[in-house]
Amino acid sequence: MIKKLALSAIVFASSLIAAEQVNVYSSRHYDTDKQLFKAFEKNTGIKVKVIQAKDDALIKRLQTEGKNSPADVFITVDAARIQRATENKLFQPIDSKILTQRIPSTLRDKDNQWFAITKRARIIAVREGSGFENKEYTYEELADPKYKGQIMVRSSSNVYNQSLMAAMIAHHGVEYATKWAEGVVSNMAREPKGSDRDQARGVAAGLGSISILNTYYLGKLAVGSASDKETVSKLKVIFPKFKNGATHVNVSAAGVAKYAKNKENAIKFIEFLTSKEAQEIFAKGNYEYPVVKGSEISELVASWGVLEDDNLTINDLGANNANAVKALDIAGWK
């Protein structure tokens, strides 16, 4: 009898310990995130245990682990990966008035399986003095032959370009988007290679005039090495828009894992990531945009101008990813 009571006490104690932690699988790799995890622990007493890896590796891991997965929260980046995780039923619906009130419908799953926690815009950075910097742009016009030899952009294997293409398809259809991509390929200064930062560096060095990149990469360059700071000083940030929309945005999103053992803590954790405190840490520390209205952005990002989000949902982008990949391949975007 005593042994049974002792065993019950151990099981009960273990359940209490488990209830005071949240296990996070995250593909993000920023110091801001570590800062936020510590802040959550301090505010709630709930221990945050993190497994960090690339998005695809984490998706595969969650699939392999199944019901045995310790994951309570999955954080991933880009609409395509969010869609993949959703299609593979790796999330579960979240019942949270806090999240549905804070996060716009365009930045959360239609079934509330995930919610955006930060966003970034895909903009162009144009070299000052190139003759192309003093105007407004649409994404559509980047295919115009007048920009031949001027555009620098990374490979079509990159999910950020796939999501931009998915947005083009959502706005105009596959046929138009394929021709658009062919036009962009014809206007490239060189074959795609390197990161978003490398496109900005190339334009600053005179290899082209127009680089396509995500905003937060430009922020990272601005506080980087002396040469990277010089790169940014030579560029003008422009927010292109779709003819029938606005500027393309993408997100990092968080959802409660399907087999979460600490569901309540998982929801509290995601709610914390959308608090004003957390949103401003994301924004000011990593040069991202908040997803919650009323949150401040960094002075650097504010200096670039006002971001107007496109009217598409992240679900729209994810749903068009497969067609985007095929169309980019047909267009010869390497």
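Is Arg 197 buried, exposed or partly exposed? I will come to that after the overall picture.

This is a predicted model, in which local features need pLDDT of at least 70, side-chain atom pairs count only at pLDDT 80 or more, and totals for chains, interfaces and linings use all residues. Residues are numbered from 1 along each chain as its sequence is written, and side-chain values use heavy atoms, with hydrogens and water left out.

The chain folds into 15 helices and nine strands; these are DSSP runs numbered from the N terminus, helices being H or I of at least four residues and strands E of at least two. A compact globule of 334 residues would have a radius of gyration near 20 Å, and the chain agrees at 22 Å. That radius is taken over C-alpha atoms, and the globule rule is 2.2 Å times the number of residues to the power 0.38. Along its principal axes, the C-alpha trace spans about 85 × 40 × 35 Å.

Of the 334 residues, 57% are buried. Buried means under 20% relative accessible area, exposed over 50%, and partly exposed in between, with a 1.4 Å probe and protein chains only.

Now back to Arg 197, which sits in helix α8, residues 196–204. Its relative accessible area is 28%, so Arg 197 is partly exposed. Leaving aside residues up to four places away in sequence, Arg 197 touches Tyr 217, Lys 220 and Leu 221, where contact means heavy atoms within 4.5 Å. Asn 214 is 17 residues from Arg 197 along the chain, and their C-alpha atoms are separated by 8.9 Å.
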